[in-house]
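Look at the model below before reading on.

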Amino acid sequence: MSAVADRYPELQELGVEVISVSVDSHFVHKMWNDNELSKMVEGGIPFQMASDQNGAVGRAYGVWDESSGVEMRGRFIIDPDGVIQAIEILTPPVGRRIAETIRQIQAFQLVRESGGTRATPAGWMPGDPVLEPGPDLVGRVWEVWNPRMEK
Amino acid sequence: MGVRVGQQAPDFTAATYHRGEFGSVNLSDHAGKWVLLCFYPGDFTFV
């Protein structure tokens, strides 16, 4: 979670609020923040660390692991209408990449601001060309995009 | 149980630790904003 905390100023600039969730109590969140995470990121965790001790939130999102009694590593991007736009779920041993999450948020924001008239191709980064889906684009994506453009 | 993309995110209420204070959060507190919701297996785990 310190990786997300480190990029929190950037997320705030994008108008994104962050909530982290685990089955630990808010008391344990305090101990983890104060004793370890605050040594990884200056000032500690700047967002709300939520406690889901009975797994109710995790169950609602399909990330509750019944056998081990913890949450899987689930990441949800939720838009201003409360609609889930992206889901990523990993098993515990592999960490996320926050840069990819930020890239996806920027892409979803672009699409939303265009009123759904734009789409972002594979590997799109801010500043790269976007697609304008419509009859004129059918069979002609190759003219504006190809896999070698992905950095 | 579970959710899919394109669906409404389930609202929830949970106890929180936030910048030195105990409190609570509802997802709906942040209606009108983008929200990044991150679950993880546990505090003091290694990843």
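The account starts with the conventions and then moves from whole chains to single residues.

This is a predicted model, in which local features need pLDDT of at least 70 and side-chain atom pairs count only at pLDDT 80 or more, while totals for chains, interfaces and linings use all residues. Residues are numbered from 1 along each chain as its sequence is written, chains are lettered from A and ligands numbered from 1 in the order in which they are written, and side-chain values use heavy atoms, with hydrogens and water left out.

Take chain A to begin with. Six helices and six strands make up its secondary structure. Helices (H or I, at least four residues) and strands (E, at least two) are DSSP runs, numbered from the N terminus. Along the sequence of chain A the order is α-α-β-α-β-α-β-β-β-β-α-α. Its C-alpha atoms fill a box of roughly 55 × 35 × 30 Å along the principal axes. Of the 151 residues in chain A, 43% are buried. Buried means under 20% relative accessible area, exposed over 50%, and partly exposed in between (1.4 Å probe, protein chains only).

The surface of chain A comes to about 7800 Å², with 54% from carbon and sulfur atoms. These areas follow the Shrake-Rupley method with a 1.4 Å probe; for residues, only the protein chains shown count as cover. Chain A carries 14 positive and 22 negative side chains, and the centres of the two sets lie 4 Å apart. Lys and Arg count as positive and Asp and Glu as negative, leaving out His and the chain ends. Each charge is placed at NZ of Lys, CZ of Arg, CG of Asp or CD of Glu.

Chain B has zero helices and three strands. Its elements run β-β-β from the N terminus. The C-alpha trace of chain B spans about 35 × 25 × 20 Å along its principal axes. Here 40% of the 47 residues are buried. The accessible surface of chain B is about 2600 Å², and carbon and sulfur atoms account for 54% of that area.

Now the sheet. In what order do the seven strands of the open sheet lie? The order is 6(A)-5(A)-3(B)-1(A)-2(A)-1(B)-2(B), and the pairing is mixed. Two strands pair if DSSP finds at least two bridges between them. The edges are strand 6 (84-90) of chain A and strand 2 (21-26) of chain B, each pairing on one side only. From one strand to the next, the twist averages 25 degrees.

Follow strand 5 of chain A.

Helix 5 (residues 98-113) of chain A lies across strand 1 (16-22), strand 5 and strand 6 of chain A together with strand 3 of chain B, at about 25 degrees to strand 5 of chain A. Angles run from 0 to 180 degrees between N-to-C directions, and axes are lines fitted to C-alpha atoms, for helices over the stretch in contact.

Next, a point where the chains meet. A:Met1 sits in the segment before helix 1 (2-6) of chain A. Is A:Met1 buried or exposed? A:Met1 is buried, at a relative accessible area of 15%. Beyond four places in sequence, its contacts (heavy atoms within 4.5 Å) include A:Trp32, A:Phe47, B:Cys38 and B:Tyr40. B:Tyr40 lies in the segment after strand 3 of chain B. B:Tyr40 is buried at 2% relative accessibility. Its contacts beyond four places in sequence include A:Met1, A:Trp32, A:Met49 and A:Arg73.

Finally, two backbone details. Most residues other than glycine have a negative phi. B:Arg19 has a positive phi near 50 degrees. B:Arg19 lies in the loop between strand 1 (13-18) and strand 2 of chain B, and is exposed at 56% relative accessible area. B:Phe44 also has a positive phi, about 65 degrees. B:Phe44 is placed in the segment after strand 3 of chain B, and is partly exposed at 40% relative accessibility.
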